[in-house]
Amino acid sequence: VYIGADPKSRTVEITAFDNAFIRLSRPVHGKESDRKGPTIRGITFTQYAYRAIDIEGKKPATLVSEEPTDDPVGPAEPGTYGREVVGTTLENVTISFCSRVGGYFRGDGLVLRNSLISDTSTEGFYVIGSSDVLLERNIFRRNNVEQLTGYYPAAVKIFNQSHRVTVRDNLVIDNPHSNGVWWDVGNHDGVFVNNWVENALVGFFFEISKGATVAGNVFVGCGRGAWALNSANVRVYHNTFVDSVASFERNERSAVGDHFGWHPRTGPDVHEREGHVFVGNLLVASESFRKPLLRFEQPKALCGRLTQPQATAVDGNVYVRAATSGPLVVWSPVAGESCQVETGSLDELRKLAAGVEANGREMSGWSGALFRSPELRRLELARPLPGLPAASGPPAELRRLLGWPEREPLAPGAFPVPR
């Protein structure tokens, strides 16, 4: 046994097991699987050397030296995977102090509710090739406790052509060396609503995927609050960003010669990375936060190829900052050598992009109470913001999803009371 620190006057705990529970999908002792996922309630799984739980798909559980996430391999039609173990349910469960991931979960109809996933390494809760998944009222915290670099950690990873995964009413906190919730590679129609995300590298990350609804969330102190990268049709309505950037980006990465092989083939091609919506959000910057609050970026190499904006609508957002000047929005594509420009005001932005932020509002040099109580994490507006023009509210189906009133217009941000 090799220990990286002097064990003198310390208690050293060692586990002999690399997992607690594996749900096999293959035949065992001549009996076929009934394909029914387990129901696990009220159990604490802690201190496993690899992962606590592993729900198999077509691919059997792997050794730590093997790749566990290639299931399926390459673009695949829904219904051809995710059916080996269906309906796994975890409620009031704790998974903690596992040295790689909390668990690998495969199979449609997965539910995680009222649970704590904490003190994990590369990933906390890992969803692979699964559809119609629900993660609600959980706490995801302290992933990447080892502060690994050269890796891309996430407290929640939703990976490889997972369709209709809903993440709602969760706390995603204390992840300064990890992303929060990351949809990666070929996913469709994600729903991320009513979550509180604080202190993460990226709060909501949607990469090489198509279709997401992001609404009613709070992002506090994240490097990026929300980041759509090489994706299409990400709709971001009525979120509150505090010292957190909202970012939309596309680049040259494609299915040709990619370092991860087949991954980009599962998502939108380079010319399809558009259709985003950014409406009704509240973006707030304290005196010490001087980054642009909203970014639409693409590299110079794409300038002549992609000449239309990534977004179909950017409107009705409110930008509040303590500083009186500084960068506000990065916009692309624009004419010029760099293909993008940093603007210091909405007036500058409107000159570059007709129709953008027609009903947006910028409030620089703000002082006084903006929120009811930041110390108590009560980020409802302390009072209505002055002089906001009427703007179209979110679509009716989104209002119904979130339980918001049918009446419009609504105040900006994650607590959109009628005004």
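Is Val12 buried, exposed or partly exposed?

Val12 comes out partly exposed, with a relative accessible area of 42%; here buried means under 20%, exposed over 50%, and partly exposed in between (1.4 Å probe, protein chains only). Val12 sits in the segment before β1 (21-23). Strands are DSSP runs of E with at least two residues, numbered from the N terminus.

Together with Ile3 and Ile14, Val12 makes a nonpolar surface patch of about 280 Å². Patch members need over 30% relative accessible area and no salt bridge, and nonpolar side chains are joined within 5 Å. A salt bridge here is a side-chain nitrogen of Lys or Arg within 4 Å of a carboxyl oxygen of Asp or Glu. Areas come from Shrake-Rupley with a 1.4 Å probe.

## Where the model comes from

This is a predicted model: local features need pLDDT of at least 70, side-chain atom pairs count only at pLDDT 80 or more, and totals for chains, interfaces and linings use all residues. Residues are numbered from 1 along each chain as its sequence is written, and side-chain values use heavy atoms, with hydrogens and water left out.

## Strand β22 and its partners

Strand β22 (residues 224-229) is largely enclosed by the rest of the structure, because five of its six residues are buried. β19 (residues 202-207) runs parallel to β22, joined by five bridges; strands pair if DSSP finds at least two bridges between them. Phe205 has Trp227 of β22 as its bridge partner.

β22 also pairs with β25, again parallel and over five bridges. There, Leu229 is bridged to Glu249 of β25.

## His263

His263 lies in the loop between β25 (245-249) and β26 (276-279). His263 is buried, at 10% relative accessible area. Leaving aside residues up to four places away in sequence, His263 touches Phe159, Val185, Ile208 and Arg253 (contact means heavy atoms within 4.5 Å).

Conventions. Patch = residues over 30% accessible without salt bridge, like charges linked within 9 Å, V, L, I, M, F, W, Y side chains within 5 Å. Helix = DSSP H or I, 4+ residues; strand = E, 2+ residues; numbered from the N terminus.
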